[in-house]
Amino acid sequence: MKDVFEMTDLGKMTFFLGMESKQQKKEIFICQHKYAKEILKKFHMEGCKPKATPMNQKEKFCKEDGAAKVDERLYRTLISCLMYLTATRPDIMNAISILSRYMHSASEIHFQAAKRIVRYIKGTIDYGLQFCKVKNFTLHGYSDSDWAGCVDDMRSTSGYCFSFGFAIFSWCSKRQEAIAQSTVEAEYIVAAAAVNQALWLRKLMADLNMEQKESTQIHAKADLNMEQKESTQILVDNQAAISIANNPVFHGKTKHFKLKLYFLREVQREGEIQLIYCKTENQNADILTKPLPKARYEFLRERIGVCSSRAKEEC
């Protein structure tokens, strides 16, 4: 690039758009430690008491909760600041996604919940994503849903994430646009969204000459070594959804979401994507769909690669 553009080598990147990067031989750690400190200072919470999780597991939010309304401008500012922090903190993605639904009807209950996230950030201010060198550079994803989790309209929450074997680099936590009539349909909606993201990531990888292939040997007149595209596995903790995706017969309970059925079956038949069952306790996307108890939350937080900058664990 130096032959074409006038450039100056500033060495390894250490800071970019509020994100800090610490590069070592076999790992890269990115965080927003400085930005998190600015949030605490901006909202006068430098001395607040830390919390172990960003959201109370049993708490449910709604628009008309009977609590006093708060300054919408202040609430929007706080949520907006926390949204940018999710660039390196997927562990707070679900909490921010839920509270962002009340930008125009924020009450004291919503504001206190947002301040709880700040208290959680205070206790994990040096946390970020640690990307380590892995032997098998394989793209895989997780998808999960929280059926009818929204009290106001009974819509479900979708959550999915992707990684190459260690920390996740692509994630989403979002309320579904359609109302799912069953847990299977909710899982199908998020699976379709995850598949679309996986197809886009596969295309991007192909453009970067990172297309994943597997070697197979075909016996004909001569033995020829040929390469075939490797399927991207998406792990789902709902066996019924996977069974329906592989079953060519439409059942009565699935006829109202035929479009997604056809789509998921087609991409699986073409070998691009493969839906794989995983146990609920190993479902990483669970952290993106609902508030969790402390032990479960910390377990999944570690699994998705969010850790302290002081951590010295070997990858």
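**Ground rules**

I number residues from 1 along each chain as its sequence is written, and I use heavy atoms for side-chain values, leaving out hydrogens and water. Since the model is predicted, local features need pLDDT of at least 70 and side-chain atom pairs count only at pLDDT 80 or more, while totals for chains, interfaces and linings use all residues.

**Entry: aromatic pairs**

I looked up ring pairs and found 5 aromatic pairs in the structure. Rings of Phe, Tyr and Trp (its six-membered ring) pair if their centres lie within 6.5 Å; planes under 30 degrees apart are stacked, over 60 edge-to-face, and the rest tilted.

I started with Tyr-120 and Tyr-297: the ring centres are 5.8 Å apart and the planes stand at 80°, so I noted this pair as edge-to-face. Tyr-120 sits in helix H4 (residues 108-123) and Tyr-297 in helix H8 (residues 294-303), so I was looking at a link between distant parts of the chain, 177 residues apart. My helices (H or I, at least four residues) and strands (E, at least two) are DSSP runs, numbered from the N terminus.

Are these two tyrosines buried or exposed? Tyr-120 is buried at a relative accessible area of 0%, and Tyr-297 is buried at 4%. Buried means under 20% relative accessible area, exposed means over 50%, and partly exposed lies in between (1.4 Å probe, protein chains only).

Next I turned to Phe-137 and Phe-164, whose centres are 4.3 Å apart with planes at 15°, so that pair is stacked. Phe-137 is in the loop between strand S4 (127-132) and strand S5 (140-146), and Phe-164 is in the loop between strand S6 (157-163) and strand S7 (168-175). Phe-137 is partly exposed, with 44% relative accessibility, whereas Phe-164 is buried at 16%. I also saw that ring pairs join Phe-137, Phe-164 and Phe-169 into a cluster.

**Entry: nonpolar cores**

A nonpolar core is a set of buried Ala, Val, Leu, Ile, Met, Phe, Trp, Tyr and Cys residues joined through side-chain atoms within 4.5 Å. Which residues have the most contacts inside the largest core? I found Tyr-75, Leu-99 and Ile-117, in a core of 51 residues. Among the elements supplying at least two residues each are helix H1 (33-42), helix H2 (72-85) and helix H3 (93-99). The largest share, 7 residues, comes from H4.

I then listed what Ile-117 is in contact with (heavy atoms within 4.5 Å). Leaving aside neighbours within four places in sequence, Ile-117 is in contact with Pro-54, Leu-82, Ile-92, Ala-95, Ile-96 and Leu-99. A second, separate core has 23 residues, including Tyr-160 and Ile-234.

**Entry: Ala-95**

I picked Ala-95 from that contact list. This alanine is in helix H3 and is buried, with a relative accessible area of 4%. Not counting residues up to four places away in sequence, Ala-95 touches Pro-54, Met-55 and Ile-117.

**Entry: Ser-143**

Where is Ser-143? I found this serine in strand S5, buried at 0% relative accessibility. Beyond neighbours within four places in sequence, the contacts of Ser-143 include Gly-159, Tyr-160, Glu-187, Ile-234 and Gln-283. Two of those names, Tyr-160 and Ile-234, were already in my note on the second core.
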